[in-house]
Amino acid sequence: MRIGVDVGGTNTDAVLMSGDRVLATNKSPTTADVSGGITSAIRSVLATAGCAPRELAAVMIGTTHFTNAFVERRRLTRIGVIRIGYPATTAIPPLYGWPAELLKQVGSESRIVAGGYEFDGTQIAPFDESAVGSAARRFRKAGLRSIAISAVFAPLNRQQEERAADIVRNEHPEAVVSLSSDFGRLGLLERENAAAMNAALADLASHVVASFAQALRELQIGAPFFISQNDGTLMTAEYAALHPVMTFASGPTNSMRGAALLARAQNALVIDIGGTTTDIGVLQHGFPRESSMNAGIGGVRTNFRMPDIVSVGLGGGSIVSPDGAVVGPQSLGYRIIEDALVFGGSVLTATDIVVAAGLAEVGNRRKVSHLDARTVERALESMRAMVERGVERIKLNASEVPVILVGGGSILINGQLRGASQVIVPPHHAVANAVGAAIAQAGGEVDRYYSYDQLGRDAALEDAKAAAVQSAVAAGAVAKTVIIVDVQEYPIAYLGGGMTRVRIKAVGEMHFGSAGTGAGTGALAGAAFGVDGGRDR
Amino acid sequence: MKRFISVEELSALSLGAAILGTGGGGDPYLGRLAAQREIERHGAPELIQVHDLPDDALVVPIAMGGAPAIGLEKLLSEPFAETPVRRLESYLGRKVDAVAPLEIGGVNALIPIMAASRLGIPVVDGDSMGRAFPTLDNTTFNILGLSASPVVVTNEHGDAVIVDVKQNHRAELLSRAAITGLGGATCSTLYPMSGADAKRALLPNTLSFALAVGRAVERARDSGTDPFDALGAALRTFDPTLHVRLLFAGTVVDVGRTIAGGFNTGHARLRGSDDWTGETELTFQNEYLRMTRNGRLLAIVPDLICCLDSDTADAATCETLRYGQRLKVFGISCAPIMRTSAGLNACGPKAFGFHDAYVPIEAIPDEGLL
């Protein structure tokens, strides 16, 4: 058995699962110390199912804590940034273009030192190690403990970033270092931004991950725990404490993957209706389809792969015009429980409409009995049309697909939707996020160069895919469940010979022995995870 | 009255430049940041109209060159756009009076602004492509027989390679080799010319055009109105002689890429959404060059094929084209000079290896006129 936990801004949800069966669920308020909410939610599901802590094989935690902290600019650490690349890159220094209120919190200390690589692997300039040392000393004197390091073409060769990290730790033993090459792809500015965001979250991350650990200790759960990352795979707690930005997209990913499991659908649309917005995403083979756009997070440009989401301004708190014709995008948000009609307020909301239509029981139904039937009808029609337009926008083709409704606002949609072969409101849909965390997978990645001219594209891709599958299995995945979820080809035009960098990601179900016997636990504990372990160079 | 380019205009300019980049030209985002920083430190540059250039002025087109993937890593260096101008000045023994964009599509719309700000000289409101193209052969300058030489290619170290040869095509080959040898993220001046030649050869008002396109989309986004309506209206208002057509709306269902001769070449297939039926194919070589539906031509180079994200109206580049991306595709008629026989020789279908004859976009039968 295992437990999935979703630590959100408002609620902490927990689910206890055996295989893919949900045994118990709980929603508890998120507490300021984080651990209180987790303890309470986990204790509740264990009690409900009559399960003892030692029967657990693993605990998986998904959290939007770090995303929220960055976007709301709360509890950020002052940072120093070292970029290796001089004399290249100098026209755009690190942190340039970050929002002013963010810089107020993280500071704007940065140095560009000589070094970095050309596209062909040679050095731009001799790597200036002494400049790294003096930057580290300066940061130490300024009281900066969290240091981000980036280097030009580090995704192709991370030696200089690693060497710089050693120098920094040597000069500044208390420093916590974030390396841009840990955050993936080509694009220095976006990758460096990710490292700097990560550095800004360093203190919060070590605190929060420690709170997770403490909650589990209090509950006497000895099983290992993992944090879910952006792509729906897991990282160890130790790795997560040092790489908090890798959780940035885990919220929508977990929600969609949880929906897939609960509805037993691998290919479907997932509609998550909240208080203010409706997020529509596409599940392909049980995974969210990723967006092709660069994601800006909290006003900072990154190149994280985020699920491709169409957001519609419709939620339970959406304000409805008096004639019912216009719904949203303005919403009461959390004030719905005071200001909506059914709660004794004076604002007509989407929730009031569905209560008036007799489609849901929320608040006091008599408070909406005066609503004109045509108004209600018109508003229901507007809401349906909004969702249907969103569905139309995100679909790849005209054929009908199953639609899964999750989230507290799913009461807004009743019955059929145009474009949907069926509308599924699965059991436990309100805790889809925690379910998604509980079923997170083991992943492996390869990143290699091939000459397409010599090998041919097909043979090269086959070779890379096989290596990615192997890497996922080594990370703890069950071989027959491993699938390829991402293929990226970067033609390196100037190298000639059809030289192409191929990155392939494979994931599979985590191997679990029977609960608590130690077989599964051993596989988990001994495995390497995600980006860390799957790396193959 | 003199007109200056302000920091506030850079985001609209880069948005418009990306759209006119027809899938290529590089992401203007980095150019915008770098130009913003230059203006903050060196002041706003003057934007001068093509017809206001003195005949005896030395006007110098400027552009960055290299693989976009390299630019994404090496960004732009400092002083970047100043270096080739200074090196050219010492080579020619005279001062440069104004810089101009070589191409208005993509990041190169921003590079002359960086140079102008730093050097304290005007930037010309006009370019040689009215869009983005891959080589320096695909320019109005080449069509009119102006000499590309001397080409000055410089890198972040301040190294320069000066190519001074008689044939433009040879200048192109040698500059390309220089770009690679200098590390693949270079800034160049080329086709240095007199004000008289510039008036003859530059496509006027194209920087203002990119700005108007970007501003229309930005305003529509801010006010929550349809950015595509705004785009169509802006294009027609700016130049009533333009032919603008919505070619297709749909989703990318397949992308195949090859690398040939240093270009990002390939095909994408789109499946229709909304009222659009059938499947279309896009062919690209750094830029979108040809679009067909069920084998029938919808638009072909040198007319502009602009693919935009159907949610945001951001330009979708050939490099980042991905399965599942939702696009709206616009066709825009190119500058008349590109449609002359000399223009088509330099920039027409045959210049890019197509066997199709050029058909102006407005002469292709279609129902989708905006």
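B:Thr283 touches B:Gly266, B:His267, B:Tyr288, B:Leu289, B:Arg290 and B:Phe354, leaving aside residues up to four places away in sequence. B:Thr283 sits in strand E14 (residues 279–285) of chain B, and with a relative accessible area of 9% it counts as buried, the cut-off being under 20%. Keep in mind that this is a predicted model. Here is a quick tour of some other spots.

**Chain A as a whole**
- Buried residues make up 59% of the 537 in chain A.
- Take the contacts in chain A between residues at least 6 apart in sequence: 67% of them join residues at least 24 apart.

**Strand E7 of chain A and its neighbours**
- Strand E7 (residues 146–151) of chain A is largely enclosed by the rest of the structure, because 6 of its 6 residues are buried.
- Both of its faces are covered: one side has A:Ser146, A:Ala148 and A:Ser150, the other has A:Ile147, A:Ile149 and A:Ala151, and all of these are buried.
- Strand E5 (residues 79–86) of chain A runs parallel to E7(A), joined to it by 6 bridges; here A:Ile79 stands opposite A:Ser146.
- Strand E8 (residues 176–179) of chain A also runs parallel to E7(A), with 4 bridges between them, and A:Ala148 stands opposite A:Ser178 in E8(A).
- To get from E7(A) to E8(A), the chain goes through helix H5 (residues 159–171) of chain A, making a right-handed β-α-β crossover.
- In the loop between E7 and H5 of chain A you'll find A:Phe153, whose phi is near 60°, a positive value in a residue other than glycine.
- A:Phe153 counts as buried, at 4% relative accessibility.

**A hairpin in chain A**
- Strands E17 (residues 318–320) and E18 (residues 327–331) of chain A pair in the antiparallel sense over 2 bridges, and A:Ser318 has A:Ser331 in E18(A) as its bridge partner.
- There are 6 residues between the strands of this hairpin, where A:Gly324 takes a positive phi near 85°.
- A:Pro329 is in strand E18 of chain A, and a cis peptide bond with omega of about -5° joins it to A:Gly328.

**Helix H12 of chain A**
- Helix H12 (residues 373–394) of chain A has 22 residues and reaches 32 Å from its first C-alpha to its last, close to the 32 Å expected at 1.5 Å a residue.
- Its buried residues include A:Thr375, A:Val376, A:Ala379, A:Leu380, A:Met383 and A:Val387.
- An α-helix has 3.6 residues a turn, so residues three or four places apart point the same way.

- Most residues other than glycine have a negative phi, and most peptide bonds are trans.
- B:Asn294 has a positive phi of about 45° although it is not a glycine; its place is the loop between strand E15 (287–293) and strand E16 (296–300) of chain B.
- B:Asn294 is exposed, with a relative accessible area of 63%.
- A cis peptide bond joins B:Glu78 to B:Pro79, with omega about 5°, and B:Pro79 lies in the loop between helix H3 (68–74) and helix H4 (82–92) of chain B.

Terms used:
Residues are numbered from 1 along each chain as its sequence is written. Chains are lettered from A and ligands numbered from 1 in the order in which they are written. This is a predicted model: local features need pLDDT of at least 70, side-chain atom pairs count only at pLDDT 80 or more; totals for chains, interfaces and linings use all residues. Side-chain values use heavy atoms; hydrogens and water are left out. Two strands pair if DSSP finds at least two bridges between them. Buried means under 20% relative accessible area, exposed over 50%, partly exposed in between (1.4 Å probe, protein chains only). A crossover is right-handed if, with the strands pointing away from the viewer, the path from the first strand over the helix to the second runs clockwise. Contact means heavy atoms within 4.5 Å. The expected span of a helix is 1.5 Å times one less than its number of residues.
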